[in-house]
Structures are given as structure tokens and as C-alpha cells.
Amino acid sequence: MYKVNTLLYSYNALEPVIDEETVNIHYNKHHKKYAENLNKLTISTIPLEQIPKRINEFPLKDRGQILYNAGGILNHNLYWQSLNETPGLPKGKLLNKINNDYGSFENFKKIFINKSKNLVGSGYTFLVSDNNGNLTIINLPNQETPLSYDLTPLFTVDLWEHAYYLKYRNERNKYIENIWNKANFDNASKIYEKLF
Ligand code: MN
């Protein structure tokens with residue numbers, strides 16, 4: 001059985017940036033639905049994180065839907081871990097690399113925000129690392145995961161309308177900017193520290 005990660009904070013922890021109702025519906029309805037759908041498609045015991053790289057082990061007719069729903073679980077797991085009631089800056093190796101490549105965290109943030117604003121349709125902006133520790137900010141559509149491209153996702157912002165529409169309506173750019181008040185890089189820093 002595939003499961004979503006437990007949400008590590010309360011539904012109102014991201015107020016006022018993301019309202020309680022949005023977090024509740026996003027986690028309990030949207031995120032959990034991907035796990036429900038994936039479990040209907042397969043009884044595989046392949047670990048969730050390995051599904052993107054081992055998609056050829058599934059029946060051809062189901063691959064698209066399996067990849068989509070596995071991506072939906074993984075991307076949301078990372079999204080919830082990219083946010084916290086208390087914001088947190090990158091640390092250790094990740095902080096050094098960001099300062100080296102982008103000049104400062106503030107400049108990195110500016111570039112990430114612009115990337116998010118340029119996403120067309122539904123998808124995510126990710127900070128990813130290759131196996132040598134090289135960082136890139138990328139947009140991916142729908143529920144594509146960087147794992148499909150042999151990249152490790154470190155931090156992400158969900159840009160689907162369900163992530164912000166109850167509060168922000170058509171003002172996606174406000175959500176894209178405000179979310180940085182709850183951005184937390186503890187998880188990203190930990191993943192990067194162990195990566196290479
Ligand atoms: Mn979502």
C-alpha cells in the first residue's frame with residue numbers, strides 16, 4: 001500500500017500565507033487521492049521513490065497513470081516539507097552552494113520566484129540537484145517528478161490552482177511571493193548534505 005507522508009504541522013500553521021481550509025483540502029483530498037488512485041492501479045511493492053526510474057516494470061497500459069499518481073504523492077510530500085510555520089534558511093553545503101552559484105539567498109529567491117511566475121498551466125517549480133551537487137531551478141508540468149530525469153528534488157512550490165485559489169483567486173503571483181514567508185529549507189539542506 002502506498003501512503004502519503006504525515007503532515008508535520010497543523011492545518012492552520014501556514015496562516016496567513018496559506019489558509020487552513022486550503023491546507024486541509026489540499027492534504028486530505030488532493031494529496032491523499034493520488035495514493036488512493038495509485039493503490040487501485042497496482043499492488044506493486046516497488047518503493048515509491050523508485051517508481052519513476054522503474055516505470056518500465058509496470059504494464060505498458062498503466063504506466064502513464066502510475067507515474068502521474070506516484071508523482072502526485074512524491075511532489076506533495078516534498079511540498080509540505082518545503083513549508084513550515086517557522087521559515088528556515090538553507091544551511092551547510094546547500095547554503096554555501098547557493099551563495100556560490102547565485103551570489104546570495106535573496107538573489108536565489110528572486111530567480112526562483114520569476115521561474116514560478118513563468119510556469120504555464122499546472123505544475124511545480126523545483127530546486128533540484130544532479131548527482132554531482134549541481135543546482136538548477138526548473139519548472140515541470142502536472143505531476144512530473146525530477147526523479148524521472150535522474151535529478152533529486154530538494155525544494156518545491158506547488159503551482160496548481162488548488163494550492164492557492166480559495167484565498168488568492170486569480171492572483172497567483174501574490175501566492176508565489178507570499179509563500180516565501182513560510183519557506184523552510186531544513187529538509188532541502190538535509191537531503192543535499194547527504195547527496196554527494
Ligand atoms: Mn497540489
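Donors are N, O and S atoms within 2.8 Å of the metal. In this predicted model, the donor residues of the manganese ion follow the sequence spacing H-x49-H-x81-D-x3-H. The protein donors are H26 (NE2), H76 (NE2), D158 (OD) and H162 (NE2). They lie 2.0 to 2.2 Å from the manganese ion. H26 and H76 link distant parts of the chain, being 50 residues apart. H26 belongs to helix 1 (residues 20-41), and H76 to helix 2 (residues 63-81). Both histidines are shielded. H26 has a relative accessible area of 1% and is therefore buried. For H76 the value is 0%, so this residue is buried as well.

Three strands build an open sheet in the order 2-1-3, with antiparallel pairing. Strand 2 and strand 3 are the edge strands, each pairing on one side only. From one strand to the next, the twist averages 25°. Strand 1 and strand 2 run antiparallel and are joined by seven bridges. Y124 has L140, in strand 2, as its bridge partner.

Two helices lie across strands of this sheet. Helix 7 lies across strand 1, strand 2 and strand 3, and runs at about 160° to strand 3.

Helix 7 spans residues 186-195. Its buried residues are N187, A188, S189 and Y192. Their cover includes strand 1 (123-129), strand 2 (135-141) and strand 3 (152-158). Helix 2 and helix 3 (92-102) also contribute to that cover.

Note on methods:
Residues are numbered from 1 along each chain as its sequence is written. This is a predicted model: local features need pLDDT of at least 70, side-chain atom pairs count only at pLDDT 80 or more; totals for chains, interfaces and linings use all residues. Side-chain values use heavy atoms; hydrogens and water are left out. Donors are N, O and S atoms within 2.8 Å of the metal (3.2 Å for Na, K and Ca); water is not among the atoms, so sites may look incomplete. Helices (H or I, at least four residues) and strands (E, at least two) are DSSP runs, numbered from the N terminus. Buried means under 20% relative accessible area, exposed over 50%, partly exposed in between (1.4 Å probe, protein chains only). Contact means heavy atoms within 4.5 Å. Two strands pair if DSSP finds at least two bridges between them. Axes are lines fitted to C-alpha atoms, for helices over the stretch in contact, and angles run from 0 to 180 degrees between N-to-C directions.
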